[in-house]
Structure formats: structure tokens, C-alpha cells
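Work through the exercises below with the sequence and the structure in view. Each task is followed by its solution.

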Amino acid sequence: MGGQPTFFVLDDKMVAVFSVMKDNCKIKMECLFSKTGIEDYTLEYQGPKEKKAELIELAIIKAQNIFDHNILTV
């Protein structure tokens with residue numbers, strides 16, 4: 001479902017860039033995290049419109065997982 005995220009520091013926040021792939025569809029997410037969770041994100045989607053909502057949901061779930069397991073532990 002995509003590789004490891006790439007992390008960047010932006011002031012006192014963390015940015016994670018990662019991709020989610022499913023059924024020949026791909027979504028790239030750049031997610032801005034604050035100390036309390038997901039603050040903002042941008043998406044780049046490739047695939048049919050019918051699958052877009054499903055891939056966005058998977059990307060948000062992955063972003064929350066990254067926050068829980070990578071950002072909170074730093």
C-alpha cells in the first residue's frame with residue numbers, strides 16, 4: 001500500500017509525504033501534523049472518479065497511523 005513516508009520539519013510542525021495505492025489507483029498525500037494531530041493536507045489522485053473517495057479515506061487512515069506511531073513518539 002505504498003512505501004515508507006518521507007518526513008520534513010516545518011517550524012514546530014512535521015510534514016509527511018507518502019502514497020497509497022489500491023486497484024491501479026494512487027493517491028499522494030502531503031500531510032502537515034501539529035502536536036495534536038493532522039492539521040492540513042494536500043492530495044494528488046490518479047485513477048477513476050469512482051475510487052477517489054475510497055483512496056482519500058485510506059490516505060487519511062494512513063496519515064493518522066503515521067501520527068500515532070511516528071509523530072507522537074518523537
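**Exercise 1.** State which residue L10 stands opposite in β2, then describe the sheet.

*Solution.* Step 1: L10 faces K13 of β2; strands are DSSP runs of E with at least two residues, helices runs of H or I with at least four, both numbered from the N terminus. Step 2: β1 and β2 run antiparallel and are joined by 5 bridges; two strands pair if DSSP finds at least two bridges between them. Step 3: the open sheet has 4 strands in the order β1-β2-β3-β4, with antiparallel pairing. Step 4: β1 (6-10) and β4 (37-46) are the edge strands, each pairing on one side only.

This is a predicted model, in which local features need pLDDT of at least 70 and side-chain atom pairs count only at pLDDT 80 or more, while totals for chains, interfaces and linings use all residues. Residues are numbered from 1 along each chain as its sequence is written, and side-chain values use heavy atoms, leaving out hydrogens and water.

**Exercise 2.** Find the aromatic pair and say why it ties together parts apart in sequence.

*Solution.* Step 1: the whole structure holds 1 aromatic pair (ring centres of Phe, Tyr or Trp, its six-membered ring, within 6.5 Å; planes under 30 degrees apart are stacked, over 60 edge-to-face, the rest tilted). Step 2: the pair is F33 and F67, stacked, at 5.8 Å centre to centre with 20° between the planes. Step 3: F33 belongs to strand β3 and F67 to helix α1, so the pair links parts 34 residues apart in sequence. Step 4: F33 counts as buried at 1% relative accessibility, and F67 at 5% (buried is under 20% relative accessible area, exposed over 50%, partly exposed in between; 1.4 Å probe, protein chains only).
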